[in-house]
Amino acid sequence: MKANAMDDVQELLTDVHHGLALPEDHASLSTCIVIGSYKYYHYGCDKFDDRGWGCGYRTLQTLCSWIRLQKLKDNEKNVNKVPSLPVIQQGLVAMGDKPDTFIGSRNWIGSFEVCITIDHLYDVPCKIMHINSGRELQSKIPALMEHFQQFGSPVMMGGDTDSSSKGILGVCTGTKSYLLVLDPHFWGTPTNSILHEDKWLSWKPVDDFLEDSFYNFCLPQLKAR
């Protein structure tokens, strides 16, 4: 399916993590971050009002922007554009994952839907990594570090009690462990300084995640060029 319902929006910010300070001033910090460029998709960035339900779609779009740019860098032909929210819904129905009533709904999507949509549109498989509780997140830091070292692709993180979708752009370990979280819930016209100062992009300690929520990570298995 050609995802041609939405052009790459030129006014979207690119690589918003540039210039963000590390979470600690510590000589022994170990940091792995996204490799290559991506665009920041957030609530309403294409004039489509998805406040309250579209965060998973926006994180998916950010991941798709990275994949598209990687494939274009590799001179691939006929690479799908970043899909609009209606195109994402249509694709999930076409794959048989959702009923026809899903089209035009305000139903959320999570890491599984992100995984199969990326595979469907870009022929890129994704790995799903599950943890039963935020308490287990520390144990997954080595796997996330390995992902950014081996592939460099941005990651989606979703959960149940903590149901807000998040983009994960990096991992840092020092006196604590941190995830670099990109929040798609921003509404308005962002700038890098607004995103950094107001914590729409921030290094979040892993012990700040909810103990009573499970989490799923979607890790695109495409190596940065």
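1. Start with Leu29, which sits in the segment before strand 1. This is a predicted model. The C-alpha atoms of Leu29 and Cys172 are 6.8 Å apart, although 143 residues separate the two along the chain. Leaving aside neighbours within four places in sequence, Leu29 is in contact with Leu22, Glu24, Cys172, Thr173 and Gly174.

2. Next, a residue of strand 6: Leu201. Is Leu201 buried or exposed? Leu201 is buried, because its relative accessible area is 0%, and buried means under 20%. Not counting residues up to four places away in sequence, Leu201 touches Val16, His17, Leu20, Leu169, Leu180, Val181, Leu182, Leu195 and His196. A further pairing is with Asp183, 18 residues away along the chain. Here the C-alpha atoms are separated by 6.2 Å.

3. Now the helix packing. Two packed helices are described by the angle between their axes and the distance between the axes. Helix 1 spans residues 55-73 and helix 2 spans residues 85-94. They pack at an angle of about 95°, and their axes lie 10 Å apart. Helix 1 is therefore roughly perpendicular to helix 2, since angles of 65 to 115 degrees fall in that class.

4. Which residues of helix 1 and helix 2 meet? Helix 1 brings Tyr57, Arg58, Leu60 and Gln61. Helix 2 brings Leu85, Ile88 and Gln89. By class, this contact has 4 nonpolar, 2 polar and 1 charged residues.

5. Helix 1 also packs with helix 3, residues 111-122. The angle is about 35° and the axes are 11 Å apart. This crossing is right-handed. On the helix 1 side, the residues are Gly56, Leu60, Leu63, Cys64, Ile67, Arg68 and Lys71. They meet Val114, Thr117, Ile118 and Tyr122 of helix 3. The contact divides into 7 nonpolar, 2 polar and 2 charged residues.

6. The largest nonpolar core holds 43 residues. Which of them touch the most other members? They are Ile109, Val114 and Ile118. Helix 1, helix 2 and helix 3 are among the elements that give two or more residues to this core. So are strand 4 (166-173), strand 5 (177-182) and strand 6 (201-205).

7. Look at Ile118 in detail. Setting aside residues up to four places away in sequence, Ile118 touches Leu60, Leu63, Cys64, Ile67, Asp123, Val124, Cys126 and Pro220.

8. Two backbone points deserve a check. Most residues other than glycine have a negative phi, and most peptide bonds are trans. Lys47 has a positive phi of about 70° and is not a glycine. Where is Lys47 placed? Lys47 is in the loop between strand 1 (30-33) and helix 1. Its relative accessible area is 77%, so Lys47 is exposed.

9. The other case is Asp123, again not a glycine, with a positive phi of about 55°. Asp123 lies in the loop between helix 3 and strand 2 (126-131). With 63% relative accessibility, Asp123 counts as exposed, because the cut-off is over 50%. Asp123 is also one of the residues that Ile118 touches.

Methods:
Residues numbered from 1 in each chain as written. Predicted model: local features only at pLDDT ≥ 70, side-chain atom pairs only at ≥ 80, totals over all residues. Heavy atoms only, no water. Axes fitted to C-alpha atoms, helices over the stretch in contact; angles between N-to-C directions. Helix = DSSP H or I, 4+ residues; strand = E, 2+ residues; numbered from the N terminus. Parallel < 35°, antiparallel > 145°, perpendicular 65-115°, else oblique. Contact = heavy atoms within 4.5 Å. Nonpolar A, V, L, I, M, F, W, Y, C, P; charged D, E, K, R; others polar. Left-handed = near helix turned anticlockwise from the far one by under 90°. Buried < 20%, exposed > 50% of the residue type's maximum accessible area, 1.4 Å probe, protein only. Core = buried A, V, L, I, M, F, W, Y, C linked by side-chain atoms within 4.5 Å.
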